Amino acid sequence: ALLDDQRETWRKHWRAEDEAPEEPVPMADLETKLLPRLTTDQVRMASATFKRNTATPDGLHPRHVGAMSDAALECFCLFFALIELCGTFPTVLCDIMIALIGKKLGGVRPIALYRALFRVWSKARLMYYRQWEEEHGQAGPFNTSQRTATTDGVWRQAVLAEEASATRKPMAALLWDILKC
């Protein structure tokens, strides 16, 4: 009953359906600048960053990827290059297990547990994301930059509102909880 209730609660927020939509696999435009292909060393180093007790919803620990031979890792690097060219992971690797973690004051909080291959790939690409974020994403509207707290966006809006009030300028703010999107 609890699982069914939670499923219905989150389904309306996430617009989830029981069946994955049948969509054609998109391909990157030939003009799109692709990232350099991952190397076996990058994949091995990324897999080594995971803690020994990390979640393994698909039964594969991210560290297991780094224990593979160079030849096997080279196949994964080619696989990751194809994923990046297509712009999406294969459908069979896209499902995410949701763990319902109890809250201190009652109720539960859903936590997404991603598959090992996605986690290793995203960790291996983290330096490119951080570089892009440094150039484009600082103090943005989504408040997701490193070293920011969830209250930073609210604080920035409060300072802007106070400045507008002091200078008698119009000001409006929209603070939207992402859960409601």
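**Reading features of the predicted model**

Analyst: Arg168 lies in the segment after helix 7 (152–166). Helices (H or I, at least four residues) and strands (E, at least two) are runs assigned by DSSP and numbered from the N terminus. The model is predicted, so local features need pLDDT of at least 70 and side-chain atom pairs count only at pLDDT 80 or more, whereas totals for chains, interfaces and linings use all residues. Residues are numbered from 1 along each chain as its sequence is written, and side-chain values use heavy atoms, with hydrogens and water left out.

User: What is the phi of Arg168?

Analyst: As a general idea, most residues other than glycine have a negative phi. Arg168 has a positive phi of about 55°, although it is not a glycine.

User: Is Arg168 buried or exposed?

Analyst: Buried means under 20% relative accessible area, exposed means over 50%, and partly exposed lies in between (1.4 Å probe, protein chains only). Arg168 is exposed because its relative accessible area is 79%. Of the 181 residues of the protein, 22% count as buried.

User: How many helices and strands does the protein have?

Analyst: The secondary structure comprises 7 helices and 2 strands. Read from the N terminus, the order of elements is α-α-α-α-β-β-α-α-α.

User: At what angle do the axes of helix 2 and helix 5 cross?

Analyst: Two packed helices are described by the angle between their axes and the distance between the axes. Axes are lines fitted to C-alpha atoms, for helices over the stretch in contact, and angles run from 0 to 180 degrees between N-to-C directions. The axes of helix 2 (residues 40–48) and helix 5 (residues 116–124) cross at roughly 110° and come within 8 Å. Helix 2 is therefore roughly perpendicular to helix 5; angles of 65 to 115 degrees receive that label, those under 35 count as roughly parallel, those over 145 as roughly antiparallel, and the rest as oblique.

User: Which helix holds Pro62, and what separates the C-alpha atoms of Pro62 and Val120?

Analyst: Pro62 belongs to helix 3 (residues 62–66) and is buried, its relative accessible area being 0%. Its C-alpha atom is 6.2 Å from that of Val120, although 58 residues part them along the chain. Val65 also has its place in helix 3 and counts as buried at 0% relative accessibility. Between the C-alpha atoms of Val65 and Arg44, 21 residues apart along the chain, the separation is 7.1 Å.

User: How many salt bridges are there?

Analyst: Side chains of opposite charge can pair when their charged atoms come close. A salt bridge requires a side-chain nitrogen of Lys or Arg within 4 Å of a carboxyl oxygen of Asp or Glu. By this rule, there are 4 salt bridges. One of them joins the side chains of Glu74 and Arg37 (2.0 Å, N to O). This pair links distant parts of the chain, with Glu74 in helix 4 and Arg37 in the loop between helix 1 (2–14) and helix 2, 37 residues apart. Glu74 is partly exposed at a relative accessible area of 29%, and Arg37 is partly exposed at 41%.

User: Which side chain does Asp70 meet in a salt bridge, and which does Asp95 meet?

Analyst: Asp70 pairs with Arg44 (3.0 Å, N to O). This bridge connects distant parts of the chain, from Asp70 in helix 4 to Arg44 in helix 2, 26 residues apart. Asp70 counts as partly exposed at 48% relative accessibility, and Arg44 is partly exposed with a relative accessible area of 26%.

Asp95 pairs with Arg115 (2.8 Å, N to O). Asp95 lies in the loop between helix 4 and strand 1, and Arg115 in the loop between strand 2 (108–113) and helix 5, so the pair ties together parts 20 residues apart in sequence. Asp95 is partly exposed at 45% relative accessible area, and Arg115 counts as partly exposed at 22% relative accessibility.

User: Which residues make the nonpolar surface patch?

Analyst: Patches are made of residues with over 30% relative accessible area and no salt bridge; like charges are joined within 9 Å, and nonpolar side chains (Val, Leu, Ile, Met, Phe, Trp, Tyr) within 5 Å. Accessible areas come from the Shrake-Rupley method with a 1.4 Å probe, and for residues only the protein chains shown count as cover. Here Ile96, Ile98 and Tyr114 make a nonpolar surface patch of about 240 Å². Ile96 is located in the loop between helix 4 (70–86) and strand 1 (97–102), and counts as partly exposed at 37% relative accessibility.
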